[in-house]
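Subject: Structure for you to look at

Hello,

Here is the structure I promised. Please open it and keep it in view while you read my notes below.

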Number of protein chains: 2
Amino acid sequence: MNFSLSLRQAWARADSMLCVGLDPDPERIPAALGRSPEAIFTFCRDIVDATAACVCAFKPQIAYFSAVRAERELERLIEHIHVQHPGIPVILDAKRGDIGSTAERYAVEAFERYGADAVTINPYMGFDSVEPWLAWEGRGVILLCRTSNPGGSDLQALNVGGEALYERVARLAAGPWNASGQIGLVLGATFPAELARVRAIAGNLPMLVPGIGAQGGDVAATVAAGLADDGWGMVINSSRAILYADPGARFAQAAAQAAERTRDEIRAARTAAWTTRAG
Amino acid sequence: MNFSLSLRQAWARADSMLCVGLDPDPERIPAALGRSPEAIFTFCRDIVDATAACVCAFKPQIAYFSAVRAERELERLIEHIHVQHPGIPVILDAKRGDIGSTAERYAVEAFERYGADAVTINPYMGFDSVEPWLAWEGRGVILLCRTSNPGGSDLQALNVGGEALYERVARLAAGPWNASGQIGLVLGATFPAELARVRAIAGNLPMLVPGIGAQGGDVAATVAAGLADDGWGMVINSSRAILYADPGARFAQAAAQAAERTRDEIRAARTAAWTTRAG
């Protein structure tokens with residue numbers, strides 16, 4: 001299992017840089033399904049099956065499962081994706097950050113228990129908190145860099161010797177920390193200028209980009225800023241706008257339509273950005 | 001339930017600033033117990049019962065439970081502490097870091113599902129990632145500041161406008177972010193000079209201090225650097241040196257003895273530091 005390779009193949013096969021985020025909020029899933037862990041599984045499975053043709057990746061957010069004792073359902077969901085939709089990588093959004101044997105335990109959780117192809121982690125504790133994950137050869141390790149929230153600026157925008165802290169993270173992540181080629185970065189769509197600066201620093205590193213849709217990021221500006229020189233490079237996440245496109249029994253069809261629209265919007269932005277660069 | 005008050009009472013009642021970290025490594029618990037989630041519960045429960053008289057807090061590390069599907073056992077362990085040893089606060093070491101409704105889900109996990117009195121979190125995403133936790137009135141929210149690992153310096157030691165990044169975190173955490181009085185900081189015992197600088201910035205804020213024992217932090221230097229003006233202020237964690245003091249059937253008695261020794265060492269350092277300051 002090689003995340004970087006799977007992702008490149010998924011971009012090309014689906015002609016899509018859309019990732020559907022699986023954040024099942026018990027208050028927002030259709031009431032007819034109920035509120036149980038099993039309801040959460042059913043909801044996510046139906047979303048997955050309805051949107052799989054449109055995506056380059058799925059990104060379950062672990063907090064939505066662990067808050068309601070749905071660990072077993074998260075295991076089943078990821079297994080369902082791997083079995084029913086082979087070739088679509090699963091990014092476990094966990095934002096873990098720890099060192100030594102504790103980091104190793106978190107990696108066992110993400111990569112062995114859940115079978116994730118990649119995981120998000122937090123760089124605040126430095127390379128010591130990145131290195132243990134790299135022992136799982138080929139798995140992706142995606143570091144928070146410039147997050148989509150306004151308060152992300154509290155620390156990430158601070159000037160550290162002539163560059164912002166997030167630029168330093170990108171420089172370390174793309175350089176000395178990435179000898180094995182497993183690293184990616186999280187960049188918010190809400191800050192396209194910063195996204196472009198990080199793309200200049202980080203070469204073709206895969207970028208996970210939240211913040212379109214509910215959070216207000218503009219798709220065209222995001223793609224223009226972040227498209228890699230190989231024509232891909234971005235995993236653009238949408239969660240709520242797809243999951244809750246319809247509050248009732250038609251949720252899966254509505255999710256498929258919302259995913260198709262978003263994929264097409266990203267496709268059009270990619271063609272425009274590519275044409276501009278070529279010209 | 002008020003973490004800050006419980007902690008002050010626990011310091012005074014036990015005359016102890018020792019915290020026992022519950023990091024049950026399946027490879028290191030006595031072989032006779034087995035390797036199952038139930039064995040992990042039994043091991044931790046016996047450690048808790050053997051060391052409760054010596055501690056101001058317990059700190060389970062969630063990764064050791066989630067890697068082996070022992071969530072239910074972690075729930076039972078925290079419930080056991082609260083029922084059998086009332087008044088000893090439980091700090092869930094989870095180092096979570098996320099925003100908005102995801103942060104809220106993590107808070108439900110930590111405070112409602114597990115019933116933790118406090119939790120560790122990562123400040124990289126800024127105040128947006130702290131604020132959702134504060135809605136659980138009285139619970140403690142302990143931010144990573146200057147961690148005990150050498151690689152912690154990769155980002156935390158960077159100069160941001162004349163101070164280190166970890167000093168900026170301490171200034172924000174002790175000031176504008178702490179209107180509700182729920183915040184604490186994580187400071188590694190391996191950097192006593194930095195610990196002293198943060199104590200000067202942060203007043204009497206509670207500090208969770210890992211890094212003595214296996215990681216090499218010196219108890220006397222740590223206490224001298226971090227003791228608060230109210231005579232307490234520190235939750236000094238030891239995990240492996242206590243949990244694995246004896247590899248066999250005597251593990252609980254050996255843990256009790258190791259905890260007593262460490263508590264006494266911290267007590268002596270506290271008396272010495274207090275005398276020096278008074279003089």
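How many of the ten residues of helix 8 (residues 165-174) of chain A are buried? Eight are, so the helix is largely enclosed by the rest of the structure. A residue counts as buried here if 20 or more other C-beta atoms lie within 10 Å of its own. The buried ones are Leu165(A), Tyr166(A), Glu167(A), Arg168(A), Val169(A), Ala170(A), Leu172(A) and Ala173(A). Keep in mind that this is a predicted model.

Now the whole chain. Chain A has twelve helices and ten strands. Its C-alpha trace spans about 55 × 50 × 35 Å along the principal axes. Is the fold compact or extended? With 279 residues, a compact globule would have a radius of gyration near 19 Å. Chain A has 18 Å, which agrees. Of the 279 residues, 57% count as buried. Look also at the contacts in chain A with a separation of 6 or more: residues 24 or more positions apart account for 73% of them.

Next, find strand 1 (residues 18-22) and strand 2 (residues 57-60) of chain A. These strands run parallel, and four bridges join them. One bridge pairs Leu22(A) with Pro60(A) in strand 2. Together with helix 2 (residues 37-51), the two strands make a right-handed β-α-β unit. In a regular strand the side chains alternate between the two faces of the sheet.

Then turn to the partner chain. Here 44 residues of chain A are in contact with 44 residues of chain B. Which elements give two or more residues to that side of chain A? They are helix 3 (63-66), helix 5 (100-113), helix 7 (153-156), strand 6 (159-160) and helix 8. Helix 5 gives the largest share, seven residues. By type, the residues on this side divide into 17 nonpolar, 15 polar and twelve charged.

Last, the symmetry. A rotation of 180° with 0.0 Å of shift along its axis superposes chain A on chain B, with an RMSD of 0.0 Å. That is the relation of a two-fold axis. The same surface serves both copies, as 100% of the contact residues of chain A recur in chain B. Which residue of chain A comes closest to the rotation axis? Val160(A) does, with its C-alpha at 2.7 Å.

Best wishes

Technical notes:
Residues numbered from 1 in each chain as written. Chains lettered and ligands numbered in written order. Predicted model: local features only at pLDDT ≥ 70, side-chain atom pairs only at ≥ 80, totals over all residues. Rg over C-alpha atoms; globule rule 2.2 N^0.38 Å. Buried ≥ 20, exposed ≤ 12 C-beta atoms within 10 Å, placed from the backbone. Contact = placed C-beta atoms within 7 Å. Nonpolar A, V, L, I, M, F, W, Y, C, P; charged D, E, K, R; others polar. Pairing = 2+ DSSP bridges. Right-handed = clockwise from strand over helix to strand, strands pointing away. Least-squares fit on C-alpha atoms with pLDDT ≥ 70 in both.
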